[in-house]
Structures are given as structure tokens and as C-alpha cells.
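Have the structure open as you read, and find each residue as it comes up.

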Amino acid sequence: MKVGLLTGGGDCPGLNAVIRAVVQRVTNEGGTCIGLLEGWRGLVQKLTLDLDIKLTDGIIAKGGTILGSSRTNPFKNPESDLPALRANFKELGLDALVAIGGDDTLGVAHRLHKEFNLPTVGVPKTIDNDLMVTDFTFGFDTAVNIVTECVDRLRTTTESHRRIQVVETMGRHAGWIACFSGIAVAADYILVPEVPIDMPHLIDVLKRRRASGKNYGIVVVSEGAKFPDKGIVTLEAESDAFGHARLGGVGNVVADQIEKQTGYETRCVVLGHLQRGGPPSAYDRVLATRFGLAAGNLVLQKRFGTMVALSGTKIIETTLADGVAATKTLDLSYYNEAAAFFR
Ligand code: F6P
């Protein structure tokens, strides 16, 4: 069996661990693997890398993806890209394709299976943790740990200067990263996309904290957080091949308002792509390895149109259709727990 692998969308720590595990599982059963470079572009343009156990042996500790990634969407230019993609699949002699990605990449894998019967299997990844059907995605734990470390560092300078520090995190339209890291750093307030920004309450909390003797404050803001009367804050008007705008900037708006309304000196740090960089946490390495082995099994059993997921502590099989049906926004029970401290 010859298996193609690709990684699409925003990269995240743990992708290489999946690649290593798929290669090991398929090779153990006498199959071979080939990498398709830079997401779906690799299949459209036939950009490949031969994968074997030797090449993938030491990559578990490496962030990013040895295959490269892109937000190429072959359904954006269907007349040219889809025939090329299907012809290349055939020419490369592929029997199956493992697509490792978020909702966009897995959405393409789903459509290719549904509309052209292309033998695809999906592996969910994203730092945003916003994929349905899986309790957690790898990359998320690493991102939360990076934010936590950064805020631990910011805290000392914030306290020295008696400032308010606003920290903007990634996460797109889901507040998982902001909420988990906000709890981990004991933030004075957390803003997430799922709950409209309540500026009067935030100001009230910060003032009460000052009055009770805490002379600095930490506010964690998800990039997708919205003011009740305004839309999402974006960095540029243009959107990517999947129609997504580039989010960012809400942290500065919030910081501005805090300074104006309280008189406390306020700064904003946008953590940006730092959250996706560097080696994966041990948790993400283990989860990604388990996903990769399970995806390898699905391929060997020819269970196409499926994807792997985490349910509790078990790795399960589910369908690509279910996996891309909706965005998994933050479970508000976590936010309510965090809000117990907004006093
Ligand atoms: O989906 C992952 C993610 O990191 C989001 O949290 C963020 O909004 C987006 O990707 C950034 O994308 P890019 O790397 O294209 O700037």
C-alpha cells in the first residue's frame, strides 16, 4: 500500500509526531509513505518527499511540519486544480491519503472522498481546539503552555510598573486558548468570543482589585472577542482561500479603553505566532503519536472518509462529515469557572 500524507492550514506543534507514527504503522505492515508538500498544493502541483522510518525517526521533538503547510484550497479553482490533483494522485500510485489539518483541510478531504471517492483519512490538528468530535486537538496544550510562560514573564514587569497588561491570544472564533491560559495565569479578567465584551464589568473588576491592594492587573483577550455593538476586529480586509479574515487587534482596543476609563497605565502584547512555534509539549507528542498510529490503522483497514478523534482518554474513529460539521466553541462551563475570580 502506498500512502500519501499532507499537512494543511496553520501549522502546530505535534504535526511531525503524527507523520512519524503514520510512517511507522504503514511501514510495519509492508507499505510505503510519501509526503505531499505544502498542504493541498503538494497534490495539485505534485511536490513530494519520500518518507521512511530513518527520515522521520528524530522529528517528534520538532515543531512545525517537515512537509510544509499552506492554506491552498483546490475547490477555489476547481476547473484547473481538481483534475490536476486527481491525476497526480493516480500518477503517484497512491492507495490512500492521510490529511492532517483543521476544519478547512479536513473539509477538503471530506469533499474529495464524497464527490470523487478519493480514499482519504483525516487527523485533526489545531492550536485553536475548535474541532467538533474530538475532545482535544494536539497543539492546543503547547499553545496554552506558551501563553502561560509568556504571562508569567509579563507579570513581573507589569507588577513593577503598577500597570495593567493586556495579552491577546490566538484561537480564531473559539476562546479555548484564552480561557485555559487565563485560568492558568490567574488572570484578573478573560475575554472570549463566546461572551460579548462587558467593558463596564471589566473596569469595575480592575478598579476593585486596585482598591483592595493589588497594584497591577492581567487581562487575557482572545483575538476573536467582540464588543456587543461591533463586529470582529481584523488586521486586513482580505480573506484567505477558505474565506477567513485575519483576526487581530482587539487587545489594543481593549487596552486603550482600560487606560482611558481607569487612568491606569496599560500595555498590550499580541503573542501571535509565538503560540504555534517551537517543540510540542509531552502531552501533544503523545496525543499526536496516538492519532498517527490510529490513522495508519484506518488506512490499512481501508476505512476511508473517516478521521481519528479523542473521546475522553480513548482514540476513536469518526467520520470526516461529522468532524467538519460545525466549529467547537468554548465550553462555557470552563468560562464560568474562570469567572468566579472576576471580582
Ligand atoms: O487556526 C490557527 C491560527 O493560528 C489561528 O489561531 C489564527 O487566527 C490563524 O491561525 C493565523 O493564521 P496565519 O498563520 O495565516 O496568520
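## Polar contacts

A polar contact here is a pair of N or O atoms within 3.5 Å. Keep that cut-off in mind, and remember that this model is predicted.

Start with His 273: one of its polar side-chain atoms is 2.9 Å from an oxygen atom of the ligand. Asp 128 has a side-chain N or O atom 2.7 Å from a ligand oxygen. For Arg 276, the distance from a side-chain N or O atom to an oxygen of the ligand is 2.8 Å. How much of the ligand does the protein bury? On its own the ligand exposes 400 Å², and 82% of that gets buried by the protein.

## Who's around the ligand

## The pocket

So where does the ligand sit? You'll find it in the largest pocket, which has a volume of about 750 Å³. Its lining is made up of 38 residues, and those nearest the centre are Arg 71, Met 170, Arg 172, Glu 223 and Arg 276. Four elements to look for are α5 (103-116), β6 (164-169), β9 (234-239) and β10 (245-247), which each give two or more residues to this lining. The largest share comes from β9, with four residues.

What about the classes in the lining? There are 16 polar, 15 charged and seven nonpolar residues.

How values were computed: Residues numbered from 1 in each chain as written. Predicted model: local features only at pLDDT ≥ 70, side-chain atom pairs only at ≥ 80, totals over all residues. Heavy atoms only, no water. Polar contact = N/O pair within 3.5 Å; in protein donor to acceptor, adjacent residues only side chain to side chain. Areas by Shrake-Rupley, 256 points an atom, 1.4 Å probe, with all protein chains shown as cover. 1 Å grid on protein atoms, 1.4 Å probe; cavity = no way out; pocket = protein on both sides within 12 Å on 5 of 7 lines; lining within 4 Å. Sits in = over half its atoms within 2 Å of the grid points. Points joined across faces, edges and corners; volume = space filled by probe spheres on them. Nonpolar A, V, L, I, M, F, W, Y, C, P; charged D, E, K, R; others polar.
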